[in-house]
Amino acid sequence: MNADFNDLSLLRSLLTLASVIEARDPYTGGHIWRVGKYAKALAEKAGLEKDLVFRAELGGLVHDLGKVGVSDSILRKEGKLTDGEYASIKKHPEIGRSLIYAHPLAPLVMDAVFSHHERVDGKGYPGGLREEKVPLLAGLVAVADAFDAMTSTRSYHVRMDQEKAWQIIEAGRGRQFNDALAGVFLDLGRKGGLSHIIEHCGDERLMLCCPKCGPIIAPPSGTKDGDCLSCPSCTGEFLLHAGGRTFELEPTGRLNPVQYPKPDTDTIEAFVSSVGG
Ligand SMILES: [Fe+2]
């Protein structure tokens, strides 16, 4: 994909770092995969060159790695954050920048990592950048990240109806989001061009719904009828029964309180092989 880029092991190491950080939060399974795919689809539809499409997807995958520096109690808090807690969350772009500063691939993703919470009206962070000062890759990831945050279940909210999310993106054009990019994203999404990503955690992999916690179980590829999976939040275990494109979940009555965070190797390997050809 990127002619100047040969060292796939460097790419794998960067993606593993981002994926392990995502694995800390039980509510974010599949988030980096979706943000990567939304950003890629948006970049393609906007007619950007292949190199930028590649960087958009990579930026979507790694944008939040600075969250490693924010405490679990804040990241997982249910309900409103205090001003101090919000100030702490707002540090994650700077933490991300300092984490990857010396990484050989940093120039490819720095805009996405450092500037994905900037807004074109200047009310974003950390720089309060305005209009075209917001880097293109940051603008792409910002739309993708906001849409996924709205349409996914998190510890602090149940996922939003898709139409409501489109309306919020529309209302944010020229304020929170780059007007042209948000317009392209809306057009793509409203015509069904993102349906294979919404509520998925990988190609042809739908998120599964814990009856207590919501659709937060990300089944690994190769999941099949008769497998057991646990909810990463309440730790309840379920026996899976294949049904159409997804699975019915039957509670086994057991809990798996000790669950090791695992990198999403399916997402990492799929991306690395798409680059390696
Ligand atoms: Fe972020």
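This is a predicted model: local features need pLDDT of at least 70, side-chain atom pairs count only at pLDDT 80 or more; totals for chains, interfaces and linings use all residues.
Biologist: Start with the metal. Which residues coordinate the iron ion?

Modeller: Asp64 (OD), His92 (NE2), His116 (NE2) and His117 (NE2) coordinate the iron ion, at 2.1 to 2.2 Å. Along the chain, these donors follow the spacing D-x27-H-x23-H-H.

Biologist: Where do Asp64 and His117 lie?

Modeller: Asp64 is in the loop between helix H3 (50-62) and helix H4 (72-75). His117 is in the loop between helix H7 (106-115) and helix H8 (136-151). The pair therefore ties together parts that are 53 residues apart in sequence.

Biologist: Why is the arrangement around the iron ion irregular?

Modeller: Because the 4 donor atoms subtend angles of 86 to 174 degrees. Four donors count as tetrahedral only if all angles lie between 85 and 135 degrees.

Biologist: Is Asp64 buried or exposed? And what about His117?

Modeller: Asp64 counts as buried, at 11% relative accessibility. His117 counts as partly exposed, at 21%. The cut-off for buried is under 20%.

Biologist: New topic. How many salt bridges does the structure hold?

Modeller: It holds 15 salt bridges. One of them joins the side chains of Arg254 and Glu237, at 2.7 Å from N to O. That pair links distant parts of the chain. Arg254 is in strand S7 (residues 246-255) and Glu237 in strand S6 (residues 236-243), 17 residues apart.

Biologist: How accessible are Arg254 and Glu237?

Modeller: Arg254 is partly exposed, with a relative accessible area of 48%. Glu237 counts as buried, at 11%.

Biologist: Which residues do shared partners join into one network?

Modeller: Glu163, Glu170, Arg173, Asp179 and Arg190. Within it, Arg173 forms a salt bridge with Glu170, with the closest N and O atoms 3.4 Å apart. Arg173 also meets Asp179 in a salt bridge, at 2.9 Å. Arg173 itself is partly exposed, at 27%.

Biologist: Now Ser19. What does its side chain reach?

Modeller: The side chain of Ser19 reaches the backbone nitrogen of Asp264, at 2.6 Å. Ser19 lies in helix H1 (residues 8-23). Ser19 is buried, with a relative accessible area of 3%. Leaving aside neighbours within four places in sequence, Ser19 is in contact with Ile32, Pro263, Asp264 and Ile268.

Biologist: And where does Thr223 lie?

Modeller: Thr223 is in the loop between strand S4 (214-217) and strand S5 (228-230). Its side chain reaches the backbone oxygen of Pro220 at 2.4 Å. Thr223 is buried, at 17% relative accessible area. Not counting residues up to four places away in sequence, Thr223 touches Leu229, Leu240 and Phe247.

How values were computed: Residues are numbered from 1 along each chain as its sequence is written. Side-chain values use heavy atoms; hydrogens and water are left out. Helices (H or I, at least four residues) and strands (E, at least two) are DSSP runs, numbered from the N terminus. Buried means under 20% relative accessible area, exposed over 50%, partly exposed in between (1.4 Å probe, protein chains only). A polar contact is a pair of N or O atoms within 3.5 Å; within protein, one must be able to donate a hydrogen and the other to accept it, and residues adjacent in sequence count only if both atoms are side-chain atoms. Contact means heavy atoms within 4.5 Å. Donors are N, O and S atoms within 2.8 Å of the metal (3.2 Å for Na, K and Ca); water is not among the atoms, so sites may look incomplete. Four donors count as tetrahedral if all angles lie between 85 and 135 degrees; four count as square planar and six as octahedral if opposite donors are over 155 degrees apart and all others between 65 and 115; anything else is irregular. A salt bridge is a side-chain nitrogen of Lys or Arg within 4 Å of a carboxyl oxygen of Asp or Glu.
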